[in-house]
Each structure stands twice: as C-alpha cells, then as structure tokens.
Protein chains: 2
Amino acid sequence: MLTLYSFGPAANSLKPTLTLYEKGLAFEHKLLNPAKFEHHSEWYKAINPRGQVPALDDGGRVVTESTVICEYLEDAHPTEVRLRPDDYFDRAMMRVWTKWVDEYFCWCVSTIGWHRGVRYMAQALSDEEFEAHLENIPIPEQKLKWRRAREGFPQDLLDEEMRKIGVSVRKLDDHLADNAWLAGGMYSLADICNFAIANGMEKGFAELVNPEDTPHLVRWIEQINARPRVQEMFARVPRERLGPPKD
Amino acid sequence: MLTLYSFGPAANSLKPTLTLYEKGLAFEHKLLNPAKFEHHSEWYKAINPRGQVPALDDGGRVVTESTVICEYLEDAHPTEVRLRPDDYFDRAMMRVWTKWVDEYFCWCVSTIGWHRGVRYMAQALSDEEFEAHLENIPIPEQKLKWRRAREGFPQDLLDEEMRKIGVSVRKLDDHLADNAWLAGGMYSLADICNFAIANGMEKGFAELVNPEDTPHLVRWIEQINARPRVQEMFARVPRERLGPPKD
C-alpha cells in the first residue's frame with residue numbers, strides 16, 4: 001500500500017505525484033494544506049520529523065526527499081512505464097539533471113515563490129501567531145526562511161535569485177534546442193523533476209520564459225503538459241493558489 | 001578503460017577515488033594540481049566544461065558530479081564489492097544521506113576550507129594575475145566564491161557555516177550512536193560520501209569532533225580509516241596541503 005503525502009501538483013510535490021501517475025501505480029493521496037501549515041503539525045511530523053512534503057509511506061516505511069522517492073518508485077515498483085534510461089551512462093546524465101534541479105534551479109525559483117506567496121501567509125499572522133508557528137518548524141534554516149519571507153527578502157537577494165533563474169532557463173533552453181528530452185533520448189525523471197519547477201514559468205516568469213527567448217523550453221513544457229497522465233494528474237489533483245490577498 | 005580526474009583524496013575527489021579502490025577497479029588516475037589551477041585549464045575544460053573535479057572518463061564518455069560518478073560505478077561496473085544496499089528502502093536511505101552531504105554538510109565545511117586554504121592561494125596572486133585567473137572559471141558562482149575568499153569571507157558567514165557544521169556533526173553522531181553504518185546496516189556510498197567530508201575533522205574541527213562530544217562519529221571515522229582499501233588509497237594517492245604560507 002502506497003500513500004503519498006504532498007501539497008498540490010507543483011514544485012517538489014509534483015515530482016513523486018507525476019511519477020506515480022506516469023507509472024500507473026495505485027496510491028492513496030493525502031494532500032496537506034500549506035495555508036493551514038499542516039506539514040508542521042504534530043501528526044505529520046510523526047511521519048516526517050523534518051516537517052516537509054512530499055513523503056511516501058510504503059507499507060509502513062517512509063521515504064522522504066522528492067528525488068529519492070522518484071528513484072525509489074523506479075527501483076521498488078517497476079511497471080511497464082520506465083522513467084530511467086537503461087543505459088547507465090544515460091542514467092548518470094539523468095542524475096546530473098535531477099541533482100542540478102535540487103541544488104540550483106529549485107532554490108532560486110523557490111525564493112521568488114516564497115516572496116510572491118508564502119510572504120502573504122506569514123504577514124497575515126499576528127506577531128504572536130507567527131512566533132508560535134515558528135516553534136513548530138523543526139529545521140532552523142526553514143524558520144529563518146519564514147522570518148525573512150515575512151520581513152520581506154532583501155532586494156539584492158531577490159535580484160540574485162532572478163539572475164540564477166535566468167541562468168537556469170538559458171541552460172534548459174540550450175540543451176533542449178538539440179534534445180527532445182533532457183537525458184537519454186527519452187522522457188525520464190530528469191524531465192519530471194525539472195518540469196516540476198519549470199511548469200508555469202511561461203506565466204509567472206514570462207519575461208524570461210516565452211516563445212521568443214526560450215522556444216525550446218516552452219516546447220518541452222507544452223509537450224509534457226500534453227501527455228495523458230499529466231493531464232489526468234492536473235484534472236484530479238487540485239492546485240493551491242498562494243498569493244496576495246484578493247480584494 | 002576508466003580514467004579518473006581528481007584532486008587528492010579529500011572532499012568530493014575522495015568519493016569516486018575511494019569507490020574505485022573499494023570496488024577493486026583498475027583505473028588511470030590523473031591528479032590535477034589545485035595550486036596550479038589545473039581544473040580551470042583549457043585542456044581540462046575540454047573534459048569537464050564546468051572546470052570542476054572529479055570527472056570520470058569511461059571509454060570516452062565523461063561522467064561528472066562526484067555522487068553521480070559513485071552510483072555510475074555501481075551501475076556500470078559491478079564487482080563482488082557492493083556499495084549499495086540491495087533492499088530498495090535501504091538504498092533510498094543511502095540516497096537521503098548522499099543527498100544531504102551534497103546539499104548541506106559539504107557546503108559549510110567547504111567554505112571554512114576555502115577560508116583556511118584557497119584564501120591564501122588567491123591572496124598570493126597579484127590583482128592582475130587574480131583577475132586573469134577569474135576569466136578561466138566558467139561558473140559565475142565559483143568566480144564569486146574565489147573573489148570572496150580572497151577578500152576574506154565576512155565573519156557572520158563564517159559563524160553561520162560553523163553553526164551548520166555543528167548541526168551536521170551532531171546529526172551524524174546521533175545516527176551513528178545506534179548504527180554501525182549510515183544506511184542499510186552496511187558500508188555503502190552513504191558512508192564513503194560522508195567520510196569524504198568528515199575525515200580529518202578530528203584535527204581541523206577538534207572543538208566539534210572529538211571523543212567526548214562525538215564519540216560515535218570518531219569511532220566511525222576510525223573504522224573507515226582502518227579498512228584495507230582506504231589505507232591502500234591513502235598510501236598511494238598523495239594529499240595536497242593548502243594553507244597559510246610557511247615561513
């Protein structure tokens with residue numbers, strides 16, 4: 001019995017969600033509500049003491065870290081749909097891409113995402129509520145990120161993250177100019193893990209990701225969105241919308 | 001034919017070096033000299049355009065990223081010595097540890113290492129030599145790290161990195177209190193990749209890593225150093241010494 005604990009289908013939560021859909025694996029999907037800070041609740045920290053989503057429970061054994069979960073699903077639950085190249089060199093290239101998204105691409109996009117979304121959640125709390133909430137966050141660096149989001153990230157940090165996003169989308173577009181997929185000539189975890197971050201940037205970062213500047217990246221995002229399992233996933237799994245309060 | 005390009009047996013270069021030794025694989029070892037900036041030379045950037053070691057050439061195909069190389073060696077060059085658990089859950093736990101060292105532990109130790117070593121290399125250059133050298137570094141973030149190392153890292157950054165090192169060695173010691181090895185009850189890539197960073201901290205960070213405060217971590221470092229292949233590696237592969245100039 002597989003149970004996935006995650007937010008809606010974006011960022012790190014999208015990676016194992018889409019991997020499960022693509023592989024056609026049956027699983028129970030427990031969606032946590034970030035606006036209610038459910039990932040910092042006691043019941044969830046009993047599952048992942050770090051208070052982070054996603055986490056996969058496989059018969060009572062819990063795997064954390066989105067990219068590790070994806071490889072675990074390929075290892076432990078093989079189906080006809082294979083999301084890793086058989087050739088080991090190509091598989092290594094896939095891992096260079098999944099490592100890159102985890103160490104570089106996801107962080108710069110995350111900071112801007114927090115600036116545009118989490119900031120408003122944090123600012124909607126009173127000082128007392130906010131401090132009480134911080135007590136529930138087990139990772140010191142995450143506490144600090146919440147604090148900085150609420151105060152507002154310094155502009156020089158935001159500028160630097162935007163620079164890194166520019167480097168990232170250029171790198172993806174350059175590679176996709178000569179390749180249909182990121183690694184091994186096939187749709188793989190490299191694509192799923194990078195798509196998890198890149199999807200939606202045509203809207204949220206339209207000045208950087210658009211048909212003129214990054215045609216190959218836009219083509220690749222569209223080509224993944226056109227896949228039947230991706231459409232099924234987005235139809236079934238609700239997306240959250242964090243952002244400035246509506247009037 | 002396997003060729004490993006690396007620095008001496010420490011940090012990220014130690015990971016694939018030790019993996020090759022443990023597995024008993026024959027390979028040509030091309031040691032680059034960091035004091036001569038060989039990793040930023042044109043001949044090496046033709047092998048790894050990012051100008052970083054280690055890199056593994058396997059019959060003309062080049063794998064980069066130390067952790068990816070280690071998994072590649074397990075995939076593509078199996079020997080009797082297996083460095084990944086067969087159980088897929090344990091293998092996922094191994095990957096959580098290799099991911100953690102790459103995303104957290106190695107970075108804080110690296111900054112202090114640069115402060116204590118690379119700084120002197122950078123300061124020994126004239127302004128003109130230094131700027132000319134920066135031109136050879138392909139990664140913008142690495143250029144910036146060189147610049148900051150030469151100027152001297154800000155004290156608040158050094159303090160924060162020392163805090164993270166404290167968190168890291170506490171985490172390792174706590175886990176090793178109940179476990180002989182990091183994952184799956186066996187010596188694995190999780191141990192090799194973390195040992196690559198932790199080895200020598202009993203000397204370089206004696207205030208944090210010592211028999212009183214972190215007895216289990218010290219025991220684990222000693223237990224790895226006692227392995228025949230580890231001793232063979234250190235006997236054969238010279239270590240560099242970067243640091244303040246000698247009188």
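User: Why is B:Ala190 called buried in this predicted model?

Analyst: Buried means under 20% relative accessible area. B:Ala190 has 0% relative accessibility, so the residue counts as buried. B:Ala190 lies in helix 8 of chain B.

User: What does B:Ala190 touch, leaving out residues up to four places away in sequence?

Analyst: The list is B:Met94, B:Trp97, B:Thr98, B:Leu182 and B:Ala183. Each has heavy atoms within 4.5 Å of B:Ala190, so each pair is a contact.

User: How far is B:Ala190 from B:Leu73, C-alpha to C-alpha?

Analyst: The two C-alpha atoms are separated by 14 Å. Along the chain the residues are 117 residues apart.

User: Is B:Asn194 buried or exposed, and how do you know?

Analyst: Its relative accessible area is 0%. The cut-off for buried is under 20%, so B:Asn194 is buried. B:Asn194 is found in helix 8 of chain B, residues 189–198.

User: Which residues does B:Asn194 touch, not counting residues up to four places away in sequence?

Analyst: B:Asn194 touches B:Trp97, B:Trp100, B:Val101, B:Phe105, B:Leu172, B:Leu182 and B:Trp220. B:Trp97 and B:Leu182 are also on the list for B:Ala190.

User: What makes B:Asp102 and A:Lys99 a salt bridge?

Analyst: The closest N and O atoms are 2.4 Å apart. The rule asks for a Lys or Arg side-chain nitrogen within 4 Å of an Asp or Glu carboxyl oxygen, so the pair qualifies. The pair crosses between chains, from helix 4 (residues 88–123) of chain B to helix 4 of chain A. Both B:Asp102 and A:Lys99 are buried.

User: How do you know that B:Asp87 and A:Arg61 form a salt bridge?

Analyst: Their closest N and O atoms are 3.1 Å apart. The limit is 4 Å, so the pair counts. In all, the rule finds 10 salt bridges across the interface of chain A and chain B. There are also 10 residue pairs in polar contact between the chains, both residues at pLDDT 80 or more.

User: Which elements supply the side of chain A that touches chain B?

Analyst: Those giving two or more residues are strand 4 (61–64), helix 3 (66–76), helix 4 (88–123), helix 6 (140–151) and helix 7 (155–178) of chain A. Helix 4 gives the largest share, 11 residues. By type, that side divides into 12 nonpolar, 2 polar and 16 charged residues.

User: How many residues make the contact, and what area is buried between chain A and chain B?

Analyst: The contact takes 30 residues from chain A and 30 residues from chain B. The area buried is about 2600 Å². Carbon and sulfur atoms give 59% of that area.

User: Why is the pair B:Arg170 and B:Asp174 called a salt bridge?

Analyst: The N to O distance is 3.3 Å. That is within 4 Å, so the pair meets the rule. Both residues lie in helix 7 (residues 155–178) of chain B, 4 residues apart, about one turn of the helix.

User: Which residues are joined into one network by salt bridges that share partners?

Analyst: The network holds A:Glu71, A:Asp75, A:Arg84, A:Arg95, B:Glu71, B:Asp75, B:Arg84 and B:Arg95. Over all chains the search finds 42 salt bridges.

User: Why is A:Cys106 in no disulfide?

Analyst: The nearest cysteine sulfur, that of A:Cys108, is 7.9 Å away. A disulfide needs sulfur atoms within 2.5 Å, so A:Cys106 has no partner. The structure holds 0 disulfides over all chains.

User: Are A:Cys106 and A:Cys108 buried or exposed?

Analyst: A:Cys106 has 11% relative accessibility, under 20%, so A:Cys106 counts as buried. A:Cys108 has 1%, so A:Cys108 counts as buried too.

Key. Residues are numbered from 1 along each chain as its sequence is written. Chains are lettered from A and ligands numbered from 1 in the order in which they are written. This is a predicted model: local features need pLDDT of at least 70, side-chain atom pairs count only at pLDDT 80 or more; totals for chains, interfaces and linings use all residues. Side-chain values use heavy atoms; hydrogens and water are left out. Buried area is the accessible area (1.4 Å probe) that two parts lose on being put together, summed over both. A polar contact is a pair of N or O atoms within 3.5 Å; within protein, one must be able to donate a hydrogen and the other to accept it, and residues adjacent in sequence count only if both atoms are side-chain atoms. Ala, Val, Leu, Ile, Met, Phe, Trp, Tyr, Cys and Pro count as nonpolar, Asp, Glu, Lys and Arg as charged, and the others, Gly among them, as polar. Buried means under 20% relative accessible area, exposed over 50%, partly exposed in between (1.4 Å probe, protein chains only).
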